[in-house]
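Hi,

Here is the structure I promised to send over. Have a look at it first, and my notes on what turned up follow below.

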Amino acid sequence: IETLLSGRFPQPVPNWIRIIFVLGVLSIGALVFFRLHPLRGLGVGLLLGLFCAIVTYLLFYIDWVLPVASVHLGLVLSYLGALGLRLTGEERERARLRQMFGRYVSDEVVEKLLAIGHRPDLGGEAIQVTILFSDIRNFTTISERLNPHQVVEILNTYLSRACQHILDQGGTVDKFIGDAVMAVFGSPVPYKDHAQRALRAALGMAETAREFRAWMCEHFVGVNLPEFAIGIGVHTGEAVIGSIGSPRRMEFTAIGDTVNTASRLESLTKELGWTIVASSATIDAAGPGVSIGKGGKITVKGREGYVEVFEVMGLEPEKGGEP
């Protein structure tokens with residue numbers, strides 16, 4: 001009635017203005033939705049929708065008609081599309097990390113990688129870590145007195161139990177070298193207490209080895225086998241972490257003097273008669289609470305100078321009462 005009486009008829013805004021308005025709002029919305037957290041993006045999307053409604057209302061006062069439903073629908077579809085791409089992208093990243101580290105670290109470590117947003121530099125980076133090497137003593141003698149199926153059974157049964165301690169402490173099972181296992185603590189998740197975690201894992205593995213003797217006796221009655229025992233070497237220092245290998249076979253692993261030294265310490269366990277040999281660097285990095293036995297300075301093959309080592313006997317319980 002007012003329109004008829006006044007003779008003022010609302011006119012649609014020119015198409016070029018409408019197109020610029022719609023594209024501008026949707027471009028801003030898409031950019032915001034992809035860059036911000038979904039909840040923040042939703043809040044900004046609601047504000048953009050309110051802004052469009054206010055602009056349309058104000059234009060109507062000066063007799064211009066700008067339909068806003070298409071803009072609102074575009075914002076909703078843009079937000080849902082960005083959310084879908086974000087979720088599928090996170091799932092792809094989660095699957096990629098699980099494929100890369102799933103065999104070597106626990107699911108909790110993979111989840112922590114995703115939570116903290118830390119992505120290992122596959123091209124290589126120098127990181128302060130703790131390396132653990134463990135080897136079964138007299139394994140050659142054991143394997144000579146058993147058939148291949150029994151040897152594989154022993155390895156799989158023991159390693160599955162021993163490596164659980166590594167995974168429980170957030171370590172990475174880097175590789176298996178025959179009956180030996182190499183583990184890295186402090187990568188890919190950069191735990192600050194990696195030295196203490198490595199020692200806890202070493203003590204757990206030593207206890208598992210003692211318990212495994214009973215399993216050996218039960219499964220190989222009448223077979224003259226040497227007593228089951230292991231040696232563990234632990235060293236802390238800087239190592240190069242990255243994806244190393246050929247184009248057809250790559251491994252995310254650690255290399256460097258720290259790795260070599262840990263391996264040499266493990267080799268010395270039989271000579272020293274200790275189960276766990278840790279360098280002074282590891283003992284210092286672990287902080288108070290480490291119970292040590294004998295100690296001394298030794299020369300390590302391929303390394304200049306002496307390395308101060310200690311026999312690790314125990315470790316104070318973690319806060320909260322956990323071992």
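A word on terms before the details: I call two residues in contact when they have heavy atoms within 4.5 Å of each other. Bear in mind that this is a predicted model, where local features need pLDDT of at least 70, side-chain atom pairs count only at pLDDT 80 or more, and totals for chains, interfaces and linings use all residues. Residues are numbered from 1 along each chain as its sequence is written, and side-chain values use heavy atoms, with hydrogens and water left out.

Let's start with Thr269, which sits in helix α9 (helices are DSSP runs of H or I, at least four residues, numbered from the N terminus). Thr269 touches Arg137, Gly231, Ile232, Trp274, Thr275 and Val277, leaving aside residues up to four places away in sequence. With a relative accessible area of 2%, Thr269 is buried (buried is under 20%, exposed over 50%, partly exposed in between, using a 1.4 Å probe and protein chains only). A polar atom of the Thr269 side chain lies 2.7 Å from the backbone oxygen of Glu266. Other buried residues in α9 include Val259, Ala262 and Leu265.

The patch covers about 880 Å² and is made by Leu47, Leu50, Ile54, Tyr57, Leu58, Tyr61, Ile62 and Trp64. (Patch residues have over 30% relative accessible area and no salt bridge, and nonpolar side chains, meaning Val, Leu, Ile, Met, Phe, Trp or Tyr, are joined within 5 Å.) Tyr61 is exposed at 55% relative accessible area, while buried residues of α3 include Gly45, Leu48 and Cys52. Asp63, which follows α3, has a positive phi near 70°.

Finally, the charged pairs. There are four salt bridges, counted when a side-chain nitrogen of Lys or Arg is within 4 Å of a carboxyl oxygen of Asp or Glu. Three of them for you to look up:

- Asp174 pairs with Lys175, the closest N and O atoms being 2.6 Å apart; Asp174 is buried at 4% and Lys175 partly exposed at 22%.
- Arg197 meets Asp193 at 2.9 Å, N to O; Arg197 is buried at 18%, and Asp193 is partly exposed at 32%.
- Glu207 pairs with Arg210 at 2.8 Å between the closest N and O atoms; they are three residues apart in helix α8, so about one helical turn separates them.

Cheers

Definitions and conventions. Helix = DSSP H or I, 4+ residues; strand = E, 2+ residues; numbered from the N terminus. Polar contact = N/O pair within 3.5 Å; in protein donor to acceptor, adjacent residues only side chain to side chain. Patch = residues over 30% accessible without salt bridge, like charges linked within 9 Å, V, L, I, M, F, W, Y side chains within 5 Å. Areas by Shrake-Rupley, 256 points an atom, 1.4 Å probe, with all protein chains shown as cover.
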